[in-house]
Amino acid sequence: MQKPTLRIAPLLVAVSALAACEVGPNYHQPTTPTPQTYRQIAGWTAANPNADAADKADWWTLFNDPVLNDLESKVVVNNQTLAADLAAYQQARALVSEQRAALFPTLDVTGQANVSHSGNGSTVVGGTVVGGGTGTTGVGTTTSRRSTTQSYQLELGATWEPDIWGKVRRSIENASAGAQATYADLQNARLSAQMELAADYVTLRELDEQKRIDDAQVKAYQQSLTVTQNKYKAGVSALSDVDQAETQLHNEMAADTALGQQRAQMEDAIAILIGRPADLSIAPAAWTLKPIDVPPGVPSTLLERRPDVAASERQAAAASANIGVATAGYYPSLDLTGSGGTEAAAIGQLFSPQSFFWNLGVNAAETIFNGGLTHAQVSAAKAAYAQAVANYRQTTLTAFGQVEDNLAAQRVLAAEQPDLQASLKSADDALRITQNEYNAGTIDYTSVVVAENAALSAHNAELQIEASRLTATIDLIVALGGGWNADELKGK
């Protein structure tokens, strides 16, 4: 018997030739406005540029803080938001495999064995047959005819819908781009978590330094109160001076105590980011964090260094592929079916040449009228693509704006800090002079209160601007994409 594959070979060749086409547009990355240079760095040169600062994967190590390095290493491992995003990416990859499976035929095998038993009985009485059977002669004789039949079958079946118009391939393209977008979303979530932890850590250390300043201020106010009480007892100071000194002291002690609550909240926020319950304790430490200069590079590279930009571009690619999926609805579908096997009345004859059978089938279908459904689906897919392109362009504009904002923050804060440092020195000098004059009895205590408040405000302002510079540095690194690059999407 001629093998069925020889009969269907010409059909498969023709189908393969047809399957080379894909309906719908081929994707090209949308253009987006890209500046030649960053406006905020025109005429501005970083004092100590670190050439590879923005390209480091572990960018937080630039701050040289071992505690921060240890905490950041736990974000990717333990953060539950990232765990959920990772599961979403794995689900998207599984969807790609699911779509790819549609390119191949479906094979199934079935086996069957049947045994049936039948028979009837009849009685002949006086030559008359009772019971409807055919039997032998004789009076009152009972005869019966019974039979057992067997059948065995083994069959292999196949169904295949050739991807003639590229609908399946466009679906794979859609799913692959979607999976890449999900991966980029995962990297963006990771970068955001790392940024949030670094910012919280800066705030934690800022509170530690604020506590040191407040503790020193409480000690100074206690000394001022002692001096004022002694002067009051000596009759050279008014009771109101003592009251003012006590008020200053207790207000500062209350503010000092309130810092403990804020610090505990920062510890809890960091604990959540690293996937721990609210039992994290970070020992207080001296303020050692220092701002660093981060060169932003060429603006065009930003499109490759931001995971959110890459995600929006991949979403546009997925939407483009979906147009092809919808367009395939205009064209007919073709189904190929085939089966073959063996069937016999006895197991021993199951594989004899006479027992084999096979059949082939071709089914073609074309939608003649569906009330404009296909047209509506194509129009919706095109509109979704236009929306994705607009979102991509908006994301890139936002990215450039964020870089410009943080470059401006770095420049302005760096220029502002020397003035605040000079103001701090003047405030400390003025306080020292005022205290000496008060002790000499040439001025009243109100002047001391004013000088002490001015000095405290100057210390706080200088600390805040340094913390702001650190935060601006972190924001700039993240706005530049951290250490991520779109090359990571290759093969995803």
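Mentor: A helix here is a DSSP run of H or I with at least four residues, and helices are numbered from the N terminus. The model itself is predicted.

Trainee: Is Thr473 buried or exposed?

Mentor: A residue counts as buried under 20% relative accessible area and as exposed over 50%. The value for Thr473 is 1%, so Thr473 is buried.

Trainee: Which residue has a side chain in polar contact with that of Thr473?

Mentor: Apart from residues up to four places away in sequence, Thr473 touches Phe63, Pro291, Ile292, Val294 and Gln410. One of these also takes part in a polar contact of 3.3 Å, side chain to side chain with Thr473. That residue is Gln410.

Trainee: What is the relative accessible area of Gln248?

Mentor: Gln248 is found in helix 5, which spans residues 239-273. Residues under 20% relative accessible area are called buried. Gln248 is buried because its relative accessible area is 9%.

Trainee: With which side chain does the side chain of Gln248 make a polar contact?

Mentor: Beyond four places in sequence, Gln248 touches Tyr221, Tyr445, Val449, Glu452 and Asn453. The polar contact has a length of 3.3 Å. The partner of Gln248 in this polar contact is Glu452.

Trainee: How far apart in space are Glu206 and Leu289, C-alpha to C-alpha?

Mentor: Glu206 lies in helix 4, residues 167-233. Leu289 is 83 residues away from Glu206 in sequence, while the C-alpha distance is 9.4 Å.

Trainee: Which strands each supply at least two residues of the nonpolar surface patch?

Mentor: The patch is formed by Leu107, Val109, Leu154, Leu156, Phe351 and Phe356, with about 620 Å² of accessible area together. The strands in question cover residues 106-125 and 141-160. They are strand 1 and strand 3.

Trainee: Is Leu156 buried, partly exposed or exposed?

Mentor: Leu156 is part of strand 3. Partly exposed residues fall between the buried cut-off of 20% and the exposed cut-off of 50%. The relative accessible area of Leu156 is 48%, so Leu156 is partly exposed.

Trainee: How many helices and strands are there in the chain?

Mentor: From the N terminus, the order of elements is α-α-α-β-β-β-α-α-α-α-β-β-α-α. The count for the chain is 9 helices and 5 strands.

Trainee: What share of the contacts between residues at least 6 apart in sequence joins residues at least 24 apart?

Mentor: Buried residues make up 37% of the 492 residues in the chain. The accessible surface is about 26,200 Å², and 56% of it belongs to carbon and sulfur atoms. As for the contacts, the share that joins residues at least 24 apart is 84%.

Trainee: In which element of the chain is confidence lowest?

Mentor: The mean pLDDT of the chain is 86, and 87% of its residues reach 70 or more. Confidence is highest in helix 7, residues 307-327, at 96. Over residues 122-130 the pLDDT stays under 50, although the model has 25 contacts for them beyond four places in sequence. The lowest mean, 48, belongs to residues 128-130, which form strand 2.

Methods:
Residues numbered from 1 in each chain as written. Predicted model: local features only at pLDDT ≥ 70, side-chain atom pairs only at ≥ 80, totals over all residues. Heavy atoms only, no water. Buried < 20%, exposed > 50% of the residue type's maximum accessible area, 1.4 Å probe, protein only. Contact = heavy atoms within 4.5 Å. Areas by Shrake-Rupley, 256 points an atom, 1.4 Å probe, with all protein chains shown as cover. Polar contact = N/O pair within 3.5 Å; in protein donor to acceptor, adjacent residues only side chain to side chain. Patch = residues over 30% accessible without salt bridge, like charges linked within 9 Å, V, L, I, M, F, W, Y side chains within 5 Å. Salt bridge = Lys/Arg side-chain N within 4 Å of Asp/Glu carboxyl O. pLDDT = per-residue confidence, 0-100.
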